Amino acid sequence: QVRLVESGGGLVQAGGSLRLSCAASGRYLSRYPVGWFRQAPGTEREIVAAISWSGRSTYVGDSVKGRFTISRDNAKNTVTLQMNNLRPEDTAVYYCASRIDRDVGSGYLTGENWYNYWGQGTQVTVSS
């Protein structure tokens, strides 16, 4: 059974940093692209960042560009979202997702419909 598990969320003051990790069990995550999404109350889920299976290609959304970085350590089977200079508007539940056991290209995926496995989410709250 494949599971994705996020960790690293929490409460931080504006300007602070958090590091989210996405770990997989049941599959080697290193073979698949991964995306980070977030959803705040009353809003639609949005892509935050994405990374190809190799790590050579990455995407970061405009609202977090210059503050968030996505990376992966395939030896540890994890994908990390480093979030710096956090703002209150970054408050949301953050989800990692992967397209596992499906055809994948060499690039990243930004559309949530491409992903077939999702984690439970981790809450990030940024106070002003």
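The model is predicted, so local features are kept only at pLDDT of at least 70 and side-chain atom pairs only at pLDDT 80 or more, while totals for chains, interfaces and linings use all residues. Residues are numbered from 1 along each chain as its sequence is written, and side-chain values use heavy atoms, with hydrogens and water left out.

Let me start with the overall picture. The chain has 11 strands and zero helices, where strands are DSSP runs of E of at least two residues and helices are runs of H or I of at least four, numbered from the N terminus. Of its 128 residues, 41% count as buried, meaning under 20% relative accessible area with a 1.4 Å probe and protein chains only. Among contacts with a separation of 6 or more, 62% are between residues 24 or more positions apart, a contact being heavy atoms within 4.5 Å.

Turning to the cysteines, one disulfide is counted, under the rule that the two cysteine sulfur atoms lie within 2.5 Å. It joins C22 to C96, with an S to S distance of 2.1 Å, and the link is right-handed, with 60° about the S-S bond. The pair links distant parts of the chain, since C22 sits in strand β3 (residues 18–25) and C96 in strand β9, 74 residues apart. Both C22 and C96 are buried.

Leaving aside residues up to four places away in sequence, S98 touches L4, L29, Y32, P33, V34, Y115, N116 and Y117.

Note on methods. Buried means under 20% relative accessible area, exposed over 50%, partly exposed in between (1.4 Å probe, protein chains only).
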